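User: I've got this model open on my screen and I'd like to talk it through. Can you take some questions?

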Amino acid sequence: MSILLFTLIMLAAAYGAGLLGSLTGLGGGVVVIPVLTLCFGVDFHYAVGAALVASIATSSGSGSAYVKEGITNIRLGMFLEIATAIGAVVGAIVAVYLNNNVIAIIFGCVLILTGTMQFVKKQDHTGIKGSEAARRLKLFGTWPQKDGSKQYYELKNVASGFSVMSIAGMLSGILGIGSGVLKVIAMDNLMKVPFKVSTTTSNFMIGVTACASAVVYIQRGNIVPGIACPVMIGVLFGALTGARLLKYLNVSLLRKIFAFAVFLVAANMIYMGVTGQF
Amino acid sequence: MQKIDLQQLIGNTLRWGVTIACIIAAIGGVIYLVQHGSEPMPDYTTFSYTDPACHPADYTTVDGIFSGIFSMNARSWIQLGVVALILTPVMRVILSFFDFIQERDWLYSLISAIVLSIIISNSIKGF
């Protein structure tokens, strides 16, 4: 295969990854890794570098829209960023000692968790009594409603949320993906952050977390220009299209279809990993 | 003192960072395809941490990237785009740090400084 053909195919695949990633809220990395490893036989250590690039591109690309609306809780994000950044550093160190098969199995497990969470009904928390620790850390906030008013919210379980975040950071250091699913579990299920706030805050965090490991990966040579270029450009434009489409599309069906695709890829990854085919 | 609207600035930083990164990488991509487009795809099937062939200076070191820029090395150009992309969220943390200082929120100035120092120390240490 010529470089030109590979670049064009990757550009199209990355566009699709960015589009699906932003419509489903999973980020571009989840699609980029299987395309590279399963379709092109690329080494996982290169695929993870490409996924990091995809994660940062999705996060920054869609992030610019959210900050202005004032939904993102910057304090919450920044505080939890300590956990994810340290986790990412540890993950990037651990990744050196993991072979392709082990990474494939870990990735498969994260995919199963991701797919499963697509079916869990999201409940919007109201009237949560916040904890003392959260109050001291000034993590309570407001978020704008459709009618222009501001809804006040409190949150709790800071310590357990922080611990889950450090695992999320470690996984994104190993896999390069945003591990948005763990971030949502930590903020939505444990800390009881309103869903809109946890989604945008998670998006903010994904970019910073990915940077913490990307600075190591780029120096190790895991991020190769020949792959990074089409991935970055494709994912960015895909994410931009996705953000536009999101206003007109009902994505709940798409999410369910995507979840089944995720299960299939996960099964494939784990099977090939266990039988040592990578 | 006139307060700067940092939320607005942060939003703009993200947009500009992504745009600049994309343009630089696209320039690199065009050079890359013109020079090497018809060649067979490089071997990405195995990566080794010890093999020096997997760590060419033109895209793994700051010096290498910048000297490659002046000699119109395609890989260095693309990688400069990647560096710009990585710096975008970092810039956002830096701006938030100043935002918290401006609000006299010392706790969160400290927290942003910790996050920033983790990223910076990690990038200097490299391996």
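This is a predicted model: local features need pLDDT of at least 70, side-chain atom pairs count only at pLDDT 80 or more; totals for chains, interfaces and linings use all residues.

User: How many residues does chain A put into the contact with chain B, and which helix gives the most?
Analyst: The contact takes 54 residues from chain B and 51 from chain A. On the chain A side, the elements that give two or more residues are H1, H3 (44–69), H4 (74–95), H9 (195–220) and H10. With 12 residues, the one that gives the most is H3(A).

User: What's the make-up of that chain A side, and how many of its residues are charged?
Analyst: The side of chain A that touches chain B has 33 nonpolar residues and 13 polar ones.

User: Where H1 and H10 of chain A meet, at what angle do they cross, and with which hand?
Analyst: Helix H1 (residues 3–24) and helix H10 (residues 225–245) of chain A have axes that come within 6 Å and cross at roughly 35°. The residues of this contact divide into 20 nonpolar and 10 polar, with no charged ones. As for the hand, H1(A) passes H10(A) in a crossing that is right-handed.

User: Is A:Lys192 buried or exposed?
Analyst: This lysine sits in the loop between helix H8 (180–190) and H9 of chain A. Most residues other than glycine have a negative phi. Because A:Lys192 has 23 other C-beta atoms within 10 Å, and 20 or more is the cut-off, it counts as buried.

User: And B:Met72, buried or exposed?
Analyst: B:Met72 lies in the loop between helix H3 (62–70) and helix H4 (74–102) of chain B. Its phi is near 55°, again a positive value in a residue other than glycine. The cut-off for this class is 12 or fewer neighbours. B:Met72 has 12 C-beta neighbours inside 10 Å, so it counts as exposed.

Terms used:
Residues are numbered from 1 along each chain as its sequence is written. Chains are lettered from A and ligands numbered from 1 in the order in which they are written. Axes are lines fitted to C-alpha atoms, for helices over the stretch in contact, and angles run from 0 to 180 degrees between N-to-C directions. Helices (H or I, at least four residues) and strands (E, at least two) are DSSP runs, numbered from the N terminus. A crossing is left-handed if the near helix is turned anticlockwise from the far one by less than a right angle, and right-handed if clockwise. Ala, Val, Leu, Ile, Met, Phe, Trp, Tyr, Cys and Pro count as nonpolar, Asp, Glu, Lys and Arg as charged, and the others, Gly among them, as polar. Two residues are in contact if their C-beta atoms, placed from the backbone, lie within 7 Å.
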